[in-house]
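Trainee: I have not seen this structure before. Could we go through it together, please?
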Amino acid sequence: MKGKTAIGAALDAAGAKAQYDGHVKRILGSRQVLARILKGAVEEFRAFSPEEIAGWIEPDIRIEGTALRPGETGKGKLIITGDSTESRIPGEGTITYDIRFRVYVPGQGRRETVKLLMNVEAQKKFYLKYRIVTRGIFYGARMLSEQLDREFTDSEYGKLKKVYSIWICMNAPLHIGNALTEYWIGKRDIIGTMPEKKKNYDKLSVIIICLNEKSKEKGGELHGFLNTLLSPRMNAARKKEVLLRDYGIETEQEIGEELKQMCNLSEAIEENAMRKGVRKGVRKGVRKGISLTKSIMRLAGEGKTEEEISALCGVSAKMVHEIMNA
């Protein structure tokens, strides 16, 4: 008898909304996926293959909201230890990253190996109450400042590592379509010339990858890959076929399960709610069913057991089990 995989356990523990977000984060958090994002979007990796890049992600990846299971560690796993996704600095508040990891660019000739600090964020909407690039700059700046006493001490600022904050925006408006833009720290001599090596000031980049699978402008290979991976219209079987045929990706079990669950999530929630609505025979039942489902999934996401959720929600443990495993 096989036990649940780490992804299966995470699904049981996820809330309704967090489950959807969690799937996107876990899919993007695969080494195969991250390696292709780095190759397509980050200058330092364009000359290398995804297979090479995947081996330089060190040592593990940390994904926000992930429920860890004892023994589920190792290079081949998706849910593994790594940089904390939460940043707390007294007086500056707390921010939570989606995915954080470290990666190396191997030195060639006299070049030394370069260590980069990475942050990947997933966004369902392009237009929010803030500009994505502004938030990206803030995230990058935090990743710079928190290196003190971690990457360097006292005044050893030469050891400051470059940071990347990469934002993947799904459902971008048609006038933007499939796009890729980078914002970085540059140099402009205004009077005279200041001799300075690029590596001394090139310390922060914000990259925004916009996706729209309906756009006539298909973008580059990275856009085709991500549009396939995150498509809300393509079923899991079709995604696996395209990923293997066009991108040479043997889908890991965890990725395949995530794709399937992400495609089916909204249908499952709606069916649960409608089932309760039919029992009541009135629209109020539908609303109550949706509310109950969300409450159960939220409590599960907080780590509550089925028995605890049953007591808190005032429903049978059997009903809790059915909703969580629908």
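**Helices and cores**

Mentor: Let us begin with helix 6, residues 221–229, in this predicted model. Helix 6 is mostly covered, with seven of its nine residues buried.

Trainee: Which residues of helix 6 are buried?

Mentor: They are Leu222, His223, Phe225, Leu226, Asn227, Thr228 and Leu229.

Trainee: And which residues have the most contacts inside the largest nonpolar core?

Mentor: Leu226 is one of them, along with Leu28, Phe45, Phe101, Met118, Ile166 and Ile209. That core has 43 residues. Its largest share, six residues, comes from helix 3, residues 31–41.

Trainee: What does Ile209 touch?

Mentor: Leaving aside residues up to four places away in sequence, Ile209 touches Leu222, His223 and Leu226, among others. Its other contacts include Ile37, Ala41, Ile166 and Trp167.

Trainee: Which residues does the second core include?

Mentor: That separate core, of 19 residues, includes Ile132, Val133, Val163 and Val206. Ile132 and Val133 are also among the buried residues of helix 5, as are Tyr139, Met143 and Leu144.

Trainee: Changing topic to the length of helix 5: what span should its 14 residues have?

Mentor: At 1.5 Å a residue, helix 5 (residues 132–145) should span 20 Å. The C-alpha atoms at its ends are 20 Å apart, so the two values agree.

Trainee: How many helices and strands does the protein have?

Mentor: There are eleven helices and eight strands.

Trainee: What share of the protein is buried?

Mentor: Of the 326 residues, 45% are buried. The protein exposes about 18,000 Å², and carbon and sulfur atoms supply 52% of that area.

Notes. Residues numbered from 1 in each chain as written. Predicted model: local features only at pLDDT ≥ 70, side-chain atom pairs only at ≥ 80, totals over all residues. Heavy atoms only, no water. Helix = DSSP H or I, 4+ residues; strand = E, 2+ residues; numbered from the N terminus. Expected span 1.5 Å × (residues − 1). Buried < 20%, exposed > 50% of the residue type's maximum accessible area, 1.4 Å probe, protein only. Core = buried A, V, L, I, M, F, W, Y, C linked by side-chain atoms within 4.5 Å. Contact = heavy atoms within 4.5 Å. Areas by Shrake-Rupley, 256 points an atom, 1.4 Å probe, with all protein chains shown as cover.
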